[in-house]
Amino acid sequence: MSSDTLLDIEHLSVSFRTDRGKVRAVSDLSLSLKRGETLAIVGESGSGKSVTALSILRLLGDNGVIDHGRVVFEGRNLLSLSTDEIRRIRGDRIAMIFQEPMSSLNPVLTIGKQVAEPICLHRDKNWDEAFEIAVELLTKVAIPDAKERLDDYPHHFSGGMRQRVMIAMALACEPRLIIADEPTTALDVTVQAQILALLNELTEQSQTALILITHDLGVVARYADRVAVMYGGRIVETADAKELYANPQHPYTVGLMASIPGIEGDAGARLITIDGQPPDLADLPSGCAFATRCQHAHDACRTSIPALDPVEQNPSHRSACFGYPL
Amino acid sequence: MSLVKNEEPLLKVDDLKVHFTLTKGFMQKPVGSVKAVDGVSFELRHGETFGLVGESGCGKSTTALAVLRMQPLTGGLIKFEGNDITQLEPHQMRPLRRRMQMVYQDPFSSLNPRMRIRDIIGEPLLVHGLATDRRSFRARIDELMDMVGLLPDMSDRYPHEFSGGQRQRIGIARALALEPSLIICDEPVSALDVSIQAQVLNLLMDLQRELGLTYLFIAHDLSVVRHISDRIGVMYLGRIVEIAGRDELFASPKHPYTQALLSSIPLPDPALEATRPQQLIVGEVPSPKTPPSGCHFHPRCPKVMSVCSVHSPNLARNQAGSLPNHSDESQVACHLYDASFGREG
Ligand SMILES: Nc1ncnc2c1ncn2[C@@H]1O[C@H](COP(=O)(O)OP(=O)(O)OP(=O)(O)O)[C@@H](O)[C@H]1O
Ligand SMILES: Nc1ncnc2c1ncn2[C@@H]1O[C@H](COP(=O)(O)OP(=O)(O)O)[C@@H](O)[C@H]1O
Ligand code: SF4
Ligand code: SF4
Ligand SMILES: [Mg+2]
Ligand SMILES: [Mg+2]
């Protein structure tokens, strides 16, 4: 692990115990993140993006099981820490922002209390000092008259303002990593743009690394340094953002890129689609999970699982595909 | 596309208003009102797709429901296939209902979970007394399923056995059952994954070509709207602020809100994004309970002038080409163009 590596996930596999038996949600997933880097994870719903994020902080819930793997953050394997130790990391070294701010803010606590609390908890400040820092943070995320709004409750705030509060809370302890799971999906387009620009600016200023989970390939293009594309619980392709858009390799990535209607180019032409539907994780095919939808599938694809190998000897661009004639 | 200009439009909506009274307490005391739709005018020509875009709560769905007369109107006029339908009683609306159908956003809640697919698709035929005998009823359902790319052997299954994209196909088949001329699609692909969105968009476009359908297509995703629409109307807080042909709107948006909306969408191209100037607008959409005075956009508008908070600009037509790069058809509601339209500021 090189010295500027912040996070290294190695061969992570995660399952859920369900009434249909044990279902593997994430399989043999490896990725690494440098300090200050923005990594986007993209993929269809159910492809394992959120489970990956939740595994890092061990927030999977009662029926989630980490079957295998290591999550090494600042040199320590988070999966082998005690409950107390991981709790000290959450909200301090690693913060998380969820899609629906209303469900992650406490409705009966004032905004001021909620922003100040992690500062008290992790940074050894008294409440007065913590409230002062909270005002600074809320001002930073552009909440007008922050001081007057400390006693407001979440329902007094609009969706965009709540998401700003979540960002303020995430930044409170100057974390080294923020994980944002679809942070703007519930917001209007113009507000979405404001929030992402803010998150981008603040993480850049403080050199905080960001894992941005999204299904919007435009958002990825605007903000990500690197991209991991997930399909059926695995990373099927990863590369620098520019490289991925210019030179997508995996048939799923190629299909995904082709199926988005852009706001430039030929409107009204038939969209290229990926036929069929995303796989059922409880019933994955034995080989490549994409084989049932892939126009290039051949015999090998149906029996064994392709490894995430470098593309043209470029170690930062990897694709999990047995290859096909172009 | 048969966009003959002087032809009678399929649908004409003039100064449509839908206001909701807000009440409080047990006595339902009125305490204010939401002007969800406040003077909306547009028309749909035969065979075209008119896209309606705008942020959440701006009145798109309310407009759609009002057009279908599923929502009481506060004011305005709706003409469909040449008839004024504004005052029609429910029994008079019935035969017209066949001609205008709706496809909804949420493929998970819009289908009755206890009905078989066959009965869901066939229900409108039964309701309108069009199922004469069993065999032709079945044949029609098979035909509809085939049209939307579902296998007729699936017709005995229940909605939960289908994926989101397939359920949306079921909703489309049901809407087609009565051979409508107009289909209103309210966010038909918003709940679907990207690769499935593309399948449904292609299907809608194929059906339009084959059946000569006219679409009112509501969405908040501008790239989807651009892809499918011939003309686009942009709504903000209960009003239409701009109407233009698709290419004109995207190449040279006139209204400051349209401009902000376009620059807010990130494009799927990192090289382009790195150089594209972003003009983000501040603030959020105000509550329609207390809309700003004058031009509703004025508190957020980067080009606001003193007149803007006083007078509400009306949607003026670009006569004699006074807007550069726009056809005579374009309309914009903004005081910046008062001079071009020859009106006083
Ligand atoms: N029955 C009702 N009573 C009171 N207010 C209503 C009612 N229905 C809608 N509204 C209000 O009218 C406004 C317009 O709502 P509408 O559902 O038409 O928005 P929309 O543009 O379709 O939004 P979205 O993109 O979120 O679907 C909103 O402020 C909404 O809260
Ligand atoms: N608590 C849970 N119990 C059972 N299955 C779960 C749970 N959380 C997630 N899953 C399953 O794991 C898979 C991946 O989910 P997720 O990571 O949430 O997908 P996404 O890529 O949309 O974020 C899905 O099949 C989902 O149904
Ligand atoms: S491994 Fe085979 S099935 Fe999978 S993506 Fe590559 S060519 Fe297609
Ligand atoms: S009328 Fe005034 S406030 Fe409204 S959009 Fe035009 S310039 Fe801006
Ligand atoms: Mg998720
Ligand atoms: Mg709506």
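This is a dialogue on reading the ligand shells and the chain contact in a predicted model.

Biologist: Which residues are around ligand 1?

Modeller: A residue counts if one of its heavy atoms lies within 4 Å of the ligand. Around ligand 1 this gives Phe20(B), Val34(B), Ala36(B), the run Ser56(B), Gly57(B), Cys58(B), Gly59(B), Lys60(B), Ser61(B) and Thr62(B), and then Glu187(B) and Pro288(B). By class, 5 are nonpolar, 5 polar and 2 charged.

Biologist: Which element gives the most to the shell around ligand 1?

Modeller: Helix 1 of chain B, with 3 residues.

Biologist: What lies 2.7 Å from an oxygen atom of ligand 1?

Modeller: For a polar contact, look for a pair of N or O atoms within 3.5 Å. The atom at 2.7 Å is a backbone N or O of Gly57(B). A polar backbone atom of Gly59(B) is 2.9 Å from an oxygen atom of the ligand. Thr62(B) uses its side chain, where an N or O atom is 2.4 Å from a ligand oxygen.

Biologist: How much of ligand 1 does the protein bury?

Modeller: Taken alone the ligand exposes 640 Å², and the protein buries 62% of that. Two elements of chain B give two or more residues each to the shell: strand 2 (29-44) and helix 1 (60-67).

Biologist: How is the shell around ligand 4 divided by class?

Modeller: Into 8 nonpolar, 3 polar and 1 charged. Cys counts as nonpolar in this scheme, and the shell includes Cys295(B), Cys301(B), Cys308(B) and Cys334(B). Also among its residues are His255(B), His298(B) and His335(B), and His counts as polar.

Biologist: What area is buried between chain A and chain B?

Modeller: The size of an interface is often given as the accessible area lost when the parts come together. Between chain A and chain B about 3700 Å² is buried, and carbon and sulfur atoms give 58% of it. Each side is listed with 44 residues, from chain A and from chain B.

Biologist: How many salt bridges does the rule find across that interface?

Modeller: The rule asks for a side-chain nitrogen of Lys or Arg within 4 Å of a carboxyl oxygen of Asp or Glu. It finds 2 across the interface of chain A and chain B. One of them joins Arg270(A) to Asp206(B), with the closest N and O atoms 2.7 Å apart.

Biologist: Which helices of chain A each supply at least two residues to the side that touches chain B?

Modeller: Helix 6 (159-171), helix 7 (189-205), helix 8 (217-223), helix 9 (241-246) and helix 10 (251-259). That side of chain A has 21 nonpolar, 15 polar and 8 charged residues.

How values were computed: Residues are numbered from 1 along each chain as its sequence is written. Chains are lettered from A and ligands numbered from 1 in the order in which they are written. This is a predicted model: local features need pLDDT of at least 70, side-chain atom pairs count only at pLDDT 80 or more; totals for chains, interfaces and linings use all residues. Side-chain values use heavy atoms; hydrogens and water are left out. A polar contact is a pair of N or O atoms within 3.5 Å; within protein, one must be able to donate a hydrogen and the other to accept it, and residues adjacent in sequence count only if both atoms are side-chain atoms. Accessible areas come from the Shrake-Rupley method with a 1.4 Å probe; for residues, only the protein chains shown count as cover. Helices (H or I, at least four residues) and strands (E, at least two) are DSSP runs, numbered from the N terminus. Contact means heavy atoms within 4.5 Å. Buried area is the accessible area (1.4 Å probe) that two parts lose on being put together, summed over both.
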